[in-house]
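Keep the sequence and the 3D view side by side, and try each task before reading on.

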Amino acid sequence: MKMNTAQIRQAFLDYFAQQQHQVVASSSLVPADDPTLLFTNAGMNQFKDVFLGSDKRSYSRATSSQRCVRAGGKHNDLENVGYTARHHTFFEMLGNFSFGDYFKQDAIRFGWQFLTDTLGLPKEKLLVTVYESDDEAFKIWNEEVGVAADRIIRIGDKSPDKKFESDNFWAMGDTGPCGPCTEIFYDHGEHIWGGPPGSPEEDGDRFIEIWNLVFMQFNRHADGTMENLPKPSVDTGMGLERIAAIMQGVHSNYEIDIFQNLIKYTADLLNVTDLENKSLRVIADHIRSCSFLIADGVMPSNEGRGYVLRRIIRRAIRHGNQLGAKDVFFYKVVQALVNEMGEAYPELVKQQALVEKMLRIEEEQFLKTLDRGLAILNDELKTLEGAVIPGDLVFKLYDTYGFPADLTADVARERDLTIDEPGFEKAMQGQRDKSKEASSFGKDYNDALTTEQSSDFTGYDLETDTASVVEIIKD
Ligand code: ATP
Ligand code: MG
Ligand code: MG
Ligand code: MG
């Protein structure tokens, strides 16, 4: 059954509505009142307090398609974009949730039924993982669902001292609701490199994780201690783009309908003929996160959330430059995104003009220094000894040409080089000491959160806000 992305999203919500789940709209990418979280990174975020027992809803089962960004903090996939078939900075997470209602048995049953019945996936293509000591989940998969024991893989903690640091122990951040989980994988076939989870080749993209069912049982505190949640609950997340790839008979998420249309549009714009070019994929990914972040009220700036946004925009612009873009182009791709996703996300349509304007201003600003910065980097690389770009150079590119460190790292990676991060941090610290002013640039962007924007953001007033936008870009 070939389904487009919109149909899959709808089929998911319909299935869970039939199972008495309340359909809940996606929340903003800017988490409401949660300073521990950079951006919304999972469907469960908006229900965090319900899991903790401090908030109550009129329903005990919910389902949603949640927009997520993973570009910093605990879940950071920025560096994976362009390198794996399955990671985006922005993606949609389909989820079903039980707040003290059903637990492991029904969560597993629903998941399996939706995949194999509603979507008709062949059972022999699926395999599952469970948390090492979770005999209960193993038994449900094996005895009730009928998955053969050799297709159920137990995954333990990464090392004995890292208790509860496992792919099968899910946590939204360093603190908050967490618990053991069971993940469902799809085998895309022998012709693709990679091994099943737990094997030495698991980093490959042959076996792709599609759905994570989390058995929310604990609340983790900052000191690492865990207390039981008031009621055992369920939180699941399935990447819409990953399941769409399977339903559309392709391997990479970048080959699905939404991405192909974004890629074609950008290729036309930049006169690129090779549609598999990595940079096209990066741009198609980044236009989604950047547009949705701006539509949700984040503005490019030099700190916190705004700096993460700026880094993503600049990375996209650099990839456009690599494809031969001679002028501003990135903001033009917004139109293609609105064509693809405007129907599902009316807020994007509402904010289109603003998103375009912000991206254009940011791009014009960065283009002034991009060429010179790249020329300097190229020059230095000609005489580089070894495979590490010195921290001082990374700092100079940052300080003078506006290159975020991960942009330099992205260039470096394409040439099998790395950057000297400690050296860069030291140079940054030197500057901070000099200016006696705390800069918020750091590796863990959670440290640098500015949470002045709340999720009830309803849009900018274009007329009056342009001036402040320009101010921010200048900072
Ligand atoms: P992976 O191991 O592939 O990085 P994950 O275990 O980090 O995925 P979860 O935190 O379990 O992902 O999120 C639930 C689901 O959301 C995943 O099973 C996957 O389908 C989807 N997902 C997670 N991260 C991304 C991403 N960066 N881009 C697209 N989909 C994602
Ligand atoms: Mg991940
Ligand atoms: Mg995983
Ligand atoms: Mg997972």
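This is a predicted model: local features need pLDDT of at least 70, side-chain atom pairs count only at pLDDT 80 or more; totals for chains, interfaces and linings use all residues.

Residues are numbered from 1 along each chain as its sequence is written, chains are lettered from A and ligands numbered from 1 in the order in which they are written, and side-chain values use heavy atoms, with hydrogens and water left out.

**Exercise 1. Find which residues come nearest to ligand 1, and describe the shell around it.**

Step 1. Start with the neighbours, where a residue is near if one of its heavy atoms lies within 4 Å of the molecule. There are 18 residues around ligand 1, and D77, H87, W170, E209 and N212 come nearest.

Step 2. Sort the shell by residue type: 6 are nonpolar, 6 polar and 6 charged. Here Ala, Val, Leu, Ile, Met, Phe, Trp, Tyr, Cys and Pro count as nonpolar, Asp, Glu, Lys and Arg as charged, and the others, Gly among them, as polar.

**Exercise 2. Work out which side chains have polar atoms close to an oxygen atom of ligand 1.**

Step 1. Look for polar contacts, meaning pairs of N or O atoms within 3.5 Å; within protein, one must be able to donate a hydrogen and the other to accept it, and residues adjacent in sequence count only if both atoms are side-chain atoms.

Step 2. Read off the distances to an oxygen atom of the ligand: 3.0 Å from R70, 2.8 Å from W170 and 2.7 Å from N212.

Step 3. Check the cover. Ligand 1 taken alone exposes 590 Å², and the protein buries 90% of that (areas by the Shrake-Rupley method with a 1.4 Å probe; for residues, only the protein chains shown count as cover).

Step 4. Trace the shell to its elements, which are DSSP runs numbered from the N terminus (helices: H or I, at least four residues; strands: E, at least two). Two or more residues each come from β3 (90-98), β8 (207-220) and β9 (226-239). The most come from β8, with 4 residues.

**Exercise 3. Find what the side chains of R67 and T63 reach.**

Step 1. Locate R67 in strand β2 (residues 61-69). R67 is buried, since its relative accessible area is 4%. Its side chain makes a polar contact of 3.0 Å with the side chain of D296.

Step 2. T63 is also in strand β2. T63 counts as buried because its relative accessibility is 0%. Its side chain reaches the backbone oxygen of G95 at 2.9 Å.

How values were computed:
Buried means under 20% relative accessible area, exposed over 50%, partly exposed in between (1.4 Å probe, protein chains only).
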